[in-house]
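Biologist: I would like to learn how to read a few features of a protein model. Could we go through them one by one?

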Amino acid sequence: MRQRVITAVIALIIFIPIIIAGGIWVDIAAAVLGLIALSEILVMRKKLIVSWEALLSGIAVLLIILPDFWRAILPAHLDINFVVYGVIVLLLMYTVFSKNRFSFDDAAVLTTGAIYIGFGFHYFVMARAASVWMIFFALFIVWITDSGAYMIGRKLGRHKLAPHISPNKTWEGSVGGTVAATIIVAIYVHFYPQGDYSWLVTVLFTVVLSVIGQIGDLVESALKRYYGVKDSGRILPGHGGILDRFDSLLLVLPALHLLGFM
């Protein structure tokens, strides 16, 4: 527990100023975090992080996270979506040249991972570009849901939420986490309204986003369970990897866009 707290404090000391500064600092942070998260999938898949497949999937992640940067350096007639498609095709072509050492299944995993991670961190950049209050809106939903679910689940948890995937999570914790997030975020949006919605509609969407965040957590738990690992990585002592810390946000941030907040 002590190591977990120390890591969290150090991470916040680095992370919060970057969010407040915005601009290129957030772009760099999103790109670095996205590449590390992708490398965690490569390692879980038992693929080298220094390889052609790692290079191609890394390019795909960066293309998705930082499209404006690439538009500035690519020829004007090249659509960024077509370039991403081209990288995916190269991954598929590599299955031929590698003589199936790199298989279609491998290409599918890295393509899905690139889209999953890329869009998550792309909307991290977009949320901060919208406003610093928008990114904190998303962070508070995820952080309070997670903390509330943990504390309430420990005290009141009786009924398992998904024992085959995450045996420690309970329905009581899940509901408690969403209620806690809704109450606290409702106070936050009273002072810092988000998007063009009324206070009541924003609070109702907070419930939806809290649930989506918990689904994101379970998705990453299923990924780890499939590969038989406890944590996605070891970069954050006591917390695991980048995917372990950003799993909820990777679904919540695109959902913010889909719900019309940015």
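Biologist: At what angle do helix α3 and helix α5 pack, and how far apart are their axes?

Modeller: Two packed helices are described by the angle between their axes and the distance between the axes. In this predicted model, α3 (residues 52-65) and α5 (residues 80-97) pack at about 165°, and their axes are 10 Å apart. An angle over 145 degrees counts as roughly antiparallel, therefore α3 and α5 are roughly antiparallel to each other. The crossing of α3 past α5 is left-handed.

Biologist: Which residues in α3 and α5 meet?

Modeller: From α3 they include W52, L56, I59 and L63, and from α5 they include V83, V87, L91 and Y94. The residues of this contact divide into 13 nonpolar, one polar and one charged.

Biologist: Is D106 buried or exposed?

Modeller: Buried means under 20% relative accessible area. D106 has 7% relative accessibility, so D106 counts as buried. D106 lies in helix α6 (residues 104-130). A polar atom of the D106 side chain is 3.0 Å from the backbone nitrogen of S103. Leaving aside residues up to four places away in sequence, D106 touches R45, K47 and R101.

Biologist: Why is helix α11 described as largely enclosed by the rest of the structure?

Modeller: Helix α11 (residues 249-258) is described that way because seven of its 10 residues are buried. Among them are L249, V252, P254 and L256. The cover over the buried residues of α11 includes α6, α7, α9 and α10.

How values were computed. Residues numbered from 1 in each chain as written. Predicted model: local features only at pLDDT ≥ 70, side-chain atom pairs only at ≥ 80, totals over all residues. Heavy atoms only, no water. Axes fitted to C-alpha atoms, helices over the stretch in contact; angles between N-to-C directions. Helix = DSSP H or I, 4+ residues; strand = E, 2+ residues; numbered from the N terminus. Parallel < 35°, antiparallel > 145°, perpendicular 65-115°, else oblique. Left-handed = near helix turned anticlockwise from the far one by under 90°. Contact = heavy atoms within 4.5 Å. Nonpolar A, V, L, I, M, F, W, Y, C, P; charged D, E, K, R; others polar. Buried < 20%, exposed > 50% of the residue type's maximum accessible area, 1.4 Å probe, protein only. Polar contact = N/O pair within 3.5 Å; in protein donor to acceptor, adjacent residues only side chain to side chain.
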